[in-house]
Amino acid sequence: MSTLLEVQGLTQHFSARGGTVRAVENVSFDLREGEVLGLVGESGSGKTTIGQAILRLIDPTAGRIVFRGEDITKLTDRALKPFRRQAQPIFQDPFGSLNPRMTVEKIIAEPLLVHGIGKGREERRRRVNALLAQVGLPRDALTRYPHQFSGGQRQRISIARSLAAEPALIIADEPVSALDVSIQAQIINLLRELQQRLKLAMLFIAHDLAVVEYISDRVIVLYLGRIMEVGPAKTLIRAPKHPYTEALISAVPEPEPDRAKRRIVLQGDLPSPIDPPSGCVFRTRCPYAIPACAEQIPALRQVGPGHRKACIRDEIL
Amino acid sequence: MSGALLEVESLKVVFPTEEGPITAVDDLSFSIGPGETLVIVGESGSGKSVTSLAVMGLIAPPGAVAASAIRLTGKDGNARDLTRLSEAEMRLVRGGEIAMIFQEPMTSLNPVYTIGEQIIEAIRFHETMSRRAARARAEEMLRLLGIPEPRRRLDAYPHQLSGGMRQRAMIGMALSCRPALLIADEPTTALDVTVQAQILELIRALQKELGMAVIFITHNLGVAAEIADRIMVMYAGQAVETGSARAIFRGTRLPYTIGLMRSVPRLGLDRDLGPLPAIPGNVPDLRRLPKGCRFHPRCSWFEPGLCDAAFPRLEICGEGHLVRCLRWRQVHA
């Protein structure tokens, strides 16, 4: 598969009281056509910021975003329009992201109007109906308003809206974490089925490792704005090579009583992104840290096929 | 159950709405023993949070609470019915006998007072103690909670602490009067997993150290498995299954619990096996509950003419294991 999206040296700084927040620091990765790439990390890891920068909702401090060979980092709003049609977001909160004053038909038809898809009302309505069916909503949803739907159904509406412009790339930021447990699986199944059928590429941003592993082909693990590890989803979860990934996996509570799990409880707090530690940013909480870890920022190194980690120690994992 | 710390009998909580009254908790009975951890598992609208607020006497009008009894055995060894206490008496129970922590620590911490001032106030409200002694107790509590530099942190304002530290400070305030029962309503839901692991470990350690019972409310089955002695599953305002953690996780007889366990993706799950076995449909609207079993429209064991006609009662299906399903004898995971 050919490369759809290249992120090169993406850096995002924000100025705040007390200094510069280094939200994302020199992050590079590729996304192939039809591939699902998971972005995991805890709060402050920069995962949401990366998604926003790719969508050009914020302007990167440094680095390049290349979509199908074209550098979109510096494009004007007007020049961005074709890209905006190709790259669509799905947000976490299906309550806040749908206009409460618009009917479902208007919500889903809006991207069609914006991008001039479908000639006339009739064709647009036909498309909206097809989209509703695709996401498993009844036809009579058309004339209703968002508040008349449950959280899961609202997320289906926002998925239909994202698909309306026939994008090649979906940026989904925590798309199931606001939903009830019994509804999450429905939406995960729907996203995966649509992704496979429409051969969509997807950047799947979430904190839930099990969900990310299930839906992603590859996974990037972020900590304090930097990539710690990247690799094929199965390999990375079953045999993590970076101490942070190992700790993250070990912290996930599993629905298995009386199973003694070896847990690495990280000590202390996330360091300030205004004044991150020297060298490896994870070293202040890493159980394997040695003095050399403070000396230089570890480069991402190959540790297996398509598998890289930013850690200078090899003998630990 | 004799020797229970808290016994709730036939609790009912009703809220009036424009579309008629909503019964958020319906005929709920349960008990918890000293030092025990009961996890209440449920989704939105299950009634899990309303139950804990009702026990605390915190349901505000027009919400109405009816219960045969909410019996608490106090630190003095005497049992009292909380439904018969005055508001002044309840204020002494809250914080002193039963403490509660919430998902969002900023809802319980006052932003304009330091952490120390708030903990000291809580201690001195319940116990006769000098400020100096209360401050020493507060400092000791923060140390027990694994807060670095506890003396300095006493003088910090809530906004100066990280999310995990704030959660610890709130737990510190809740536990400063050594309650016999801690009610924790989704205390780790807003936290990152590594911080969640810290807080769960902390609650377990404190429980051992202080011999306190915990009612832990969560929607996360993994968290439940990690900390529960017993589990009560709630759905649409009712208890639908109760049993030991082992009985529920290894031998549930309830289609809803089975559905929840199967639908949650686990680490290492092979997605090539096909889609996740999701529970169809939606969490029911309490204003429009289905007839008969409240879960029947979503249930794969549904039997027409039975499940949509008769109202299931809690039945004993094993030792200490209750299940609300007309077909539990046929149901297995």
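Which residues do ring pairs link into a cluster? They are A:Tyr223, A:Tyr244 and A:Phe282.

Before going on, some ground rules: this is a predicted model, with local features needing pLDDT of at least 70, side-chain atom pairs counting only at pLDDT 80 or more, and totals for chains, interfaces and linings using all residues. Residues are numbered from 1 along each chain as its sequence is written, chains are lettered from A and ligands numbered from 1 in the order in which they are written, and side-chain values use heavy atoms, leaving out hydrogens and water.

Rings of Phe, Tyr and Trp (its six-membered ring) pair if their centres lie within 6.5 Å; planes under 30 degrees apart are stacked, over 60 edge-to-face, and the rest tilted. By that rule there are 7 aromatic pairs over all chains. Here are two of them:

| Pair | Type | Centre to centre | Angle between planes |
|---|---|---|---|
| A:Phe67 and A:Phe83 | edge-to-face | 5.0 Å | 75° |
| A:Tyr223 and A:Tyr244 | tilted | 4.7 Å | 55° |

Each pair links distant parts of the chain. A:Phe67 sits in strand E4 (residues 62-67) and A:Phe83 in helix H2 (residues 77-86), 16 residues apart. A:Tyr223 is in strand E9 (residues 218-223) and A:Tyr244 in helix H9 (residues 243-251), 21 residues apart. Helices (H or I, at least four residues) and strands (E, at least two) are DSSP runs, numbered from the N terminus.

A:Phe67 and A:Phe83 are both buried, as are A:Tyr223 and A:Tyr244. Buried means under 20% relative accessible area (1.4 Å probe, protein chains only).

Helix H1 (residues 47-54) of chain A is mostly covered too, with 6 of its 8 residues buried.

How values were computed: Buried < 20%, exposed > 50% of the residue type's maximum accessible area, 1.4 Å probe, protein only.
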